[in-house]
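Work through the exercises below with the structure open beside you, and try each task before you read its solution.

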Amino acid sequence: MEKIKSFLIWIVALAAIGVLGFWSLTHLKSGSSFVIEQKVKDLTEQNATLQKEVDDLTDQLAQAQAQINAAEQSQANAQVAATAPAPSPSSSNSSSSSSSTSKTYKYQSLINSLQSLSSKGITMKPKEGDASVGYVQQFLNLYFKTSTKVDNDYGTGTQKAVASFQKDQGLKSDGLAGPTTFDKMVAWLKKQG
């Protein structure tokens, strides 16, 4: 009986060890698995932080670009004002001819910007980006009565809108904005008053 008792104790002990071993195999992780999971968790947190920083910097860049555009626009307006001929009070004929050459239009600053592009012989092509593209985009918003974002990027949307304007004006509708297109834009803006 003593042998049976000791045999049963050994069987229970071995069963307990077997159950414990099975549990440890299924629930415990190796050191390398734990380290990898921890690195993945840390990298995910870093990625979220960096994405937030990118979003913040993108917003700041957009605000800075808007401020630069506004500064360039006011600088262009100041240059036009400085170069505009002063009316001559000596005779009524000269003052009337002077006022006809210095008429101020509703969209005068945009007209000045587009005339400057035309006089410089600039031709804008897709994948270009600077403040001068913004002038074309501002015009297109006025012409098509839209509120598309002015992002200073001559992308496919801007190219298609320019081509549509060119077609409306009887120009070659290639979507490239050059002096002839700028002149048509200026003429249209002047008709608006």
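The exercises that follow go from the overall fold to a core, a loop residue and a group of rings.

This is a predicted model, in which local features need pLDDT of at least 70 and side-chain atom pairs count only at pLDDT 80 or more, while totals for chains, interfaces and linings use all residues. Residues are numbered from 1 along each chain as its sequence is written, and side-chain values use heavy atoms, with hydrogens and water left out.

**Exercise 1.** Determine how many helices and strands the protein has.

Solution. Begin with the definition: helices (H or I, at least four residues) and strands (E, at least two) are DSSP runs, numbered from the N terminus. Counting these runs gives 7 helices and 0 strands, and the pattern along the sequence is α-α-α-α-α-α-α.

**Exercise 2.** Find which residues touch the most other members of the largest nonpolar core, and which helix supplies the largest share of this core.

Solution. A nonpolar core is a set of buried Ala, Val, Leu, Ile, Met, Phe, Trp, Tyr and Cys residues joined through side-chain atoms within 4.5 Å, where buried means under 20% relative accessible area, exposed over 50% and partly exposed in between (1.4 Å probe, protein chains only). The largest such core has 22 residues, and Leu114, Met124, Val136, Phe139 and Phe182 touch the most other members. Helices 4, 5, 6 and 7 each supply at least two residues of this core, and the largest share, 6 residues, comes from helix 5.

**Exercise 3.** Decide whether Asn152 is buried or exposed, and list its contacts.

Solution. First locate Asn152, which is found in the loop between helix 5 and helix 6. Asn152 counts as buried because its relative accessible area is 5%. Next, using contact in the sense of heavy atoms within 4.5 Å, and leaving aside neighbours within four places in sequence, we find that the partners of Asn152 include Gln65, Asn69, Glu128 and Gln137.

**Exercise 4.** Classify the aromatic pair formed by Phe139 and Phe165, and then the pair formed by Tyr143 and Phe165.

Solution. Rings of Phe, Tyr and Trp (its six-membered ring) pair if their centres lie within 6.5 Å; planes under 30 degrees apart count as stacked, over 60 as edge-to-face and the rest as tilted. The structure holds 6 aromatic pairs. Phe139 and Phe165 are 5.0 Å apart centre to centre with 80° between the planes, which is edge-to-face. Phe139 lies in helix 5 and Phe165 in helix 6, so this pair ties together parts that are 26 residues apart in sequence. For Tyr143 and Phe165, the centres are 4.8 Å apart and the planes are at 90°, so this pair is edge-to-face.
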